[in-house]
Amino acid sequence: DAKTTQPPSMDCAEGRAANLPCNHSTISGNEYVYWYRQIHSQGPQYIIHGLKNNETNEMASLIITEDRKSSTLILPHATLRDTAVYYCIVRANFGNEKLTFGTGTRLTIIP
Amino acid sequence: NAGVTQTPKFRVLKTGQSMTLLCAQDMNHEYMYWYRQDPGMGLRLIHYSVGEGTTAKGEVPDGYNVSRLKKQNFLLGLESAAPSQTSVYFCASSRGEKNIQYFGAGTRLSVL
């Protein structure tokens with residue numbers, strides 16, 4: 001699996017866009033970028049994933065650089081409920097491949 | 001709208017005792033997983049299953065056994081609990097084709 005690197009923590013003001021970076025310089029051609037988050041004491045929650053095109057859903061947007069070596073998760077209007085640990089995971093999009101969770105980025109939304 | 005349900009939510013064991021954690025999913029998913037999460041760390045895969053009647057070892061399988069007798073259930077057993085198994089245990093399931101995993105709320109286990 002490709003390794004990912006994320007900042008350990010970030011703060012963002014409530015109502016502003018939260019931009020969470022992730023580096024994955026060893027990503028291979030068939031690997032997708034997945035984002036999950038874990039709100040305190042809860043199970044992880046899927047947010048979004050993508051291969052090479054930018055993706056958007058009701059929760060967030062995912063911007064992947066053209067060389068696919070890094071990506072950014074964007075929460076457009078952060079709320080206090082978005083305070084969580086965010087995990088960037090690179091994985092093939094098939095089969096029973098396990099998710100490898102690193103230590104993620106602890107995002108704190110400031111009122 | 002249950003999704004993935006884990007029982008129990010909390011448990012305290014004495015060293016050497018045994019117990020079984022139950023995971024049930026109502027989404028007809030083929031794949032199921034057991035993870036553990038220690039304080040300040042990410043999740044680590046214990047065992048997983050790609051279908052009814054099948055199981056496989058993950059990253060940290062020692063001290064645990066699993067069974068998948070029914071498609072909707074995945075059981076995690078501790079035969080002789082040790083303090084090192086104090087952790088939060090999460091179960092997840094997925095269809096497999098897009099590898100989106102859906103997680104339960106977790107079981108907090110303390111072994112004294």
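How much area is buried between chain B and chain A, and what percentage of it do carbon and sulfur atoms give? I noted first that this is a predicted model, in which local features need pLDDT of at least 70, side-chain atom pairs count only at pLDDT 80 or more, and totals for chains, interfaces and linings use all residues. Residues are numbered from 1 along each chain as its sequence is written, chains are lettered from A and ligands numbered from 1 in the order in which they are written, and side-chain values use heavy atoms, with hydrogens and water left out.

**Interface.** The size of an interface is often given as the accessible area lost when the parts come together. For chain B and chain A I found a buried area of about 1600 Å², with 52% of it given by carbon and sulfur atoms; buried area here is the accessible area (1.4 Å probe) that two parts lose on being put together, summed over both. The contact takes 22 residues from chain B and 22 from chain A, contact meaning heavy atoms within 4.5 Å.

I then looked for charged and polar pairs across it. Between chain B and chain A the count of salt bridges is zero, where a salt bridge is a side-chain nitrogen of Lys or Arg within 4 Å of a carboxyl oxygen of Asp or Glu. Four residue pairs, both at pLDDT 80 or more, are in polar contact across the interface; this is a pair of N or O atoms within 3.5 Å, and within protein one must be able to donate a hydrogen and the other to accept it, while residues adjacent in sequence count only if both atoms are side-chain atoms.

On the side of chain B that touches chain A, strand E4 (31–37) and strand E5 (43–49) of chain B each supply at least two residues, and E4(B) gives the largest share, four residues. Strands are DSSP runs (E, at least two residues), numbered from the N terminus.

**Sheets of chain A.** I traced an open sheet of five strands in chain A, in the order E1-E9-E8-E3-E4 and with mixed pairing; two strands pair if DSSP finds at least two bridges between them. Its edge strands are E1 (9–13) and E4 (45–50) of chain A, each of which pairs on one side only. Within this sheet, E8 (residues 84–92) and E9 (residues 105–110) of chain A pair in the antiparallel sense over three bridges, and Ala84(A) stands opposite Leu107(A) in E9(A).

I also traced an open sheet of four strands in chain A, E2-E7-E6-E5, with antiparallel pairing. Strand E2 (18–23) and strand E5 (55–56) of chain A stand at the edges with a single partner strand each, so one side of each has no neighbour in the sheet. E2(A) and strand E7 (residues 70–75) of chain A are joined by six bridges in the antiparallel sense, and the bridge partner of Asn19(A) in E7(A) is Ile74(A).

**Single residues.** The whole structure holds four salt bridges over all chains, and I looked up one between the side chains of Arg37(A) and Asp82(A) (2.8 Å, N to O). Arg37(A) lies in strand E3 (residues 31–38) of chain A and Asp82(A) in the loop between E7 and E8 of chain A, so the pair ties together parts that are 45 residues apart in sequence.
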